[in-house]
Every structure is written in C-alpha cells, then in structure tokens.
Amino acid sequence: MRRVAGLSSRQRLLFGGAVLGGVAIVVILLVIVIAQTSAADEQPIAFNHKRHAENGIQCQFCHAGVAKGPVAGIPSVEKCMGCHEYVATDSPQIQRLHGYWERQEPIPWKRVNEQPSFVYFNHASHIAAAVSCGACHGAVEEMTVAEPVVNMNMGFCLDCHAQQENKDALWDCAVCHR
Amino acid sequence: MAEEQSNGHKWTMIVDADKCTGCQACVVACHAENNVPVSSEDEVIRGRAMHWMRIERYWEGEYPNVKARFLPVFCQQCGNAPCEPVCPVYASYHSTEENINIQVYNRCVGTRYCGNNCPYRVRIFNFWAPRFDAPLEQQLNPDVTVRSPGVMEKCTFCIQRIRRGREQANIEGRPLEDGEIIPACAQACPTDALVFGDKWDENSRVAQMVPSERQFKLLENLGTEPAVYYLKGGETHVGE
C-alpha cells in the first residue's frame, strides 16, 4: 500500500478503476453463469403436474407408453391441445403451448430423470410387476415442478430387485446392461 | 458357472455350413444391429478390424474342380468359457439366466486377457473411439450401448433382442414362443443357414436339429462346450 500511497492521484485513480472494473466483470460473469444454470433446469413451459393430478388425470393418460414398452413417453403437442384448445386458454403458459401448436413444433422439454447410456430400463416390465410410479419417481402428483427425488443408481435398482421372488433372474447383469 | 436347466434358457445357434453361400448379409446385419463401427483399410492392415462375426473361407479340391466353402464364425457362447475365469473384474461373465457369455462394457477395464484366452478369436478390443461417419450415426441402435474406447466387445447373440422378447412375453403374461427371438444375423440370412432358439425347449427347432449326425462344434476337443453347432454335408471337410 505504501507504493500505492506514493503514486500520483492520477495513477491512484487508474488503479482504483482497474480494481473496480475487475470486480464488475467477475460479478457480471457470475450473474450470467447462475442465470444459465438455473435456466437449464427450467422447462420451456412451466408444466404443473400437481394441477393436472388434482383434476383427476392419471399418469398413463399422458405417459401412454408406460405399460406397453420400455419408454413411458412424453405426450405430443396434439395431446395437450386435445384439452387446452378450450381449457385455460387465457393462461400465458397455455398461450406458449398454442405457439408451439401453431408453429407445428415439438416442445423441447428438458429431461428430468436420466440414466447412463449403458443402462436399459423397461417401464412396462415394472408396471407388469405392479411397481407404482411413485416407487421411483416420488409423489409427482404433489409436484408443481417435476424433480428427480431418488438417486436412481445401481444400488437403488438392486435393493428392490433383491427383494423379489425371482431375484436370481433379476440379478443378472444382462437385465439392465447390453 | 455350471449351467443348470432349472433356470432360464439355453440359447443356441445352429449354422448349416452347406446352406451358407458366404454372402456376408449376416455380417452387415450384425454391424447395423449392434453399433459395430466399420474399420478403415489401415485398421484392417494393422489387424484391428471390427467384426462381431466373420465368414471364414476354405478352398476345396484341385483346379479346375475347386469349391469354396464358407463358415460363419462368431462368439461360440461357450458353456465352459475360457474368457470368463481370466477377467479380473468379472466383466466377462456367464449369465445364469440366458446361459450365454455376457460382456458388461461398463465393468470392463480393458486388460484384454479374455481376448487372448479365446481360442476362436472372436473378441474385439476398442483401440479407438468408434467413428460413425454421417449419416451412419443416424441409424445407431438405441437398444445397444455404443462402446467406449478401451473395452472389449463381442457377439452377444443379440442380447437386446433376447431381453426385449422375454420382457414382452412377460408383460403379456405368456410363455416365450420358439422363433420369437431371432438375432440380426439369422434374420438376415437369405438361405436360412442360421437357426436360433432355446435348446432346453424340447419343441424348439434348434433342439430338434442338434442331434443331427452332420453336427460338429469348433475346436470341440478343447472342452469349451460351445453353444454354436455347425452342420456339414458329406462332401464338406470344413471343421475337420
């Protein structure tokens, strides 16, 4: 500081400006990073699972593939419009939906639950074995924003597989890894 | 690792060497089904070609009466597999449910002991990251892992099709039917030289074909108990 104190007033001003400028850049960068990371979690439309469940819509109405094959499926824009052509059309979120419908674009939903590429999960097998949706997905009907609730790692899967009657068959690596 | 008939299936392939015309449709089908990259000329020259199955060619007879004989060779899914006990991380393991040899890619650390111990030379090591030039990446099979560099891979009898078939039968609450599960190679074979099924199902086509007097196995004297049976005709000397 003694060296700084020994500087002329002009130099001191420059030094202070540089420090202030540096701090400002860091703050701006932080704001951008935080905004981007939170935006990454944000869905293109603020879909509210809770409201749909409260109105008596079953999981399978929209996730129609769940009992038929590996993938539960995300409903098409057409399916959303089946109701929302008339229901809650004044809501800004539904107007976004109408935008996708009019532009004939799919909604770029962000994935909520993800498995690594070397893990193969079959929804229909689990439905056939009477595993409830909530056993892995939690109480989605209570969620305004869908979030993963359990850590779906290998331990989580095998804990449940080990309790089944045919646990030897369900313990085989090829059940999930192919 | 002993195979017990009480559980699961004994998946078996029958290769009729007399019916094989060496057309390589099975090889192409295998590449497409199992996300096997196509090797460059340079890689082939270095002995690092990627194939889960290959057609071995034999010339028979003296000129001008020369005949070409073909033998499709892929993982023999040994009942007593030399690749299994040498794996330090159990990535090569024997499925007690499917009774075939399974490679768990995400477990493999790439020691290559299994490949060196395989007498059939059907295991392939990923020396490089797989490359699928556009538009080939559009046709990757989503049911099969794209293997990362540094892991060993091999024919799986199309385990993804086996599992899908079994799961579908289970969902529909019915027993699995013979012929419901067909690996890509057998599906593509125009001469029906490849027949696939469960040998423990007495009524399966495979179970009825196995006791043939034309039957032989590759390197049978090693005691590896392959699950692939070859059939040959009178004139054929392949496998002798």
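Just after helix α1 of chain B, residue B:Asn35 takes a positive phi of about 55°. This is a predicted model, and its angles are computed from the predicted atoms. B:Asn35 sits in the loop between α1 and α2 (41-45) of chain B. The positive phi stands out, as B:Asn35 is not a glycine. Most residues other than glycine have a negative phi. Is B:Asn35 buried or exposed? B:Asn35 counts as buried because 20 other C-beta atoms lie within 10 Å, and 20 is enough to qualify.

Now step back into the helix. Helix α1 of chain B covers residues 25-33. Which of its residues are buried? They are B:Cys26, B:Cys30 and B:Glu33. These three lie on the same side of α1(B), because they cover an arc of only 70° around the axis. A general rule fits here. An α-helix has 3.6 residues a turn, so residues three or four places apart point the same way.

What do the buried residues of α1(B) pack against? Their partners are β2, β3, α5 (184-188) and β8 (194-198) of chain B.

B:Val27 also belongs to helix α1 of chain B. B:Val27 has 19 other C-beta atoms within 10 Å, so it is partly exposed. The cut-off for a buried residue is 20 or more. B:Val27 touches B:His51, B:Met53, B:Arg54 and B:Ile55, leaving aside residues up to four places away in sequence. B:Val27 and B:Val15 are 12 residues apart in sequence, and 14 Å separates them in space, C-alpha to C-alpha.

### The hairpin

One of the contacts of B:Val27 is B:Met53. B:Met53 stands opposite B:Phe74 in β3(B). Strand β2 of chain B spans residues 53-60, and strand β3 of chain B spans residues 67-74. How do these two strands pair? They pair in the antiparallel sense, over 8 bridges.

Between the strands of this hairpin there are 6 residues. B:Gly61 takes a positive phi near 90° in the hairpin. The loop between β2 and β3 of chain B also holds B:Pro64. B:Tyr63 and B:Pro64 are joined by a cis peptide bond. Most peptide bonds are trans.

B:Pro135 lies in the loop between β6 (124-125) and β7 (152-153) of chain B. B:Arg121 lies in the loop between α3 (113-117) and β6 of chain B. B:Arg121 counts as exposed because it has 10 C-beta neighbours inside 10 Å, while B:Asn35 is buried.

| Site | Feature | Angle |
|---|---|---|
| B:Tyr63 to B:Pro64 | cis peptide bond | omega about 5° |
| B:Asn35 | positive phi, not a glycine | phi about 55° |
| B:Arg121 | positive phi, not a glycine | phi near 50° |

### The open sheet

Strand β8 of chain B is among the packing partners of the buried residues of α1(B). It is part of an open sheet of 4 strands. In what order do the strands lie? The order is β8-β1-β10-β9 of chain B, with mixed pairing. The edge strands are β8 and β9 (215-216) of chain B, and each pairs on one side only.

Strand β1 of chain B covers residues 11-16. It runs antiparallel to β8(B), and 5 bridges join the two. B:Val15 stands opposite B:Leu194 in β8(B).

### Chain A and the contact

Chain A is built from 10 helices and 0 strands. Chain A has 178 residues, of which 7% count as buried. Take the contacts in chain A between residues at least 6 apart in sequence. Of these, 60% join residues at least 24 apart.

Note on methods. Residues are numbered from 1 along each chain as its sequence is written. Chains are lettered from A and ligands numbered from 1 in the order in which they are written. This is a predicted model: local features need pLDDT of at least 70, side-chain atom pairs count only at pLDDT 80 or more; totals for chains, interfaces and linings use all residues. Two strands pair if DSSP finds at least two bridges between them. A residue is buried if 20 or more other C-beta atoms lie within 10 Å of its own, exposed if 12 or fewer, and partly exposed in between; C-beta atoms are placed from the backbone. The arc is that of the directions from the helix axis to the C-beta atoms. Two residues are in contact if their C-beta atoms, placed from the backbone, lie within 7 Å.
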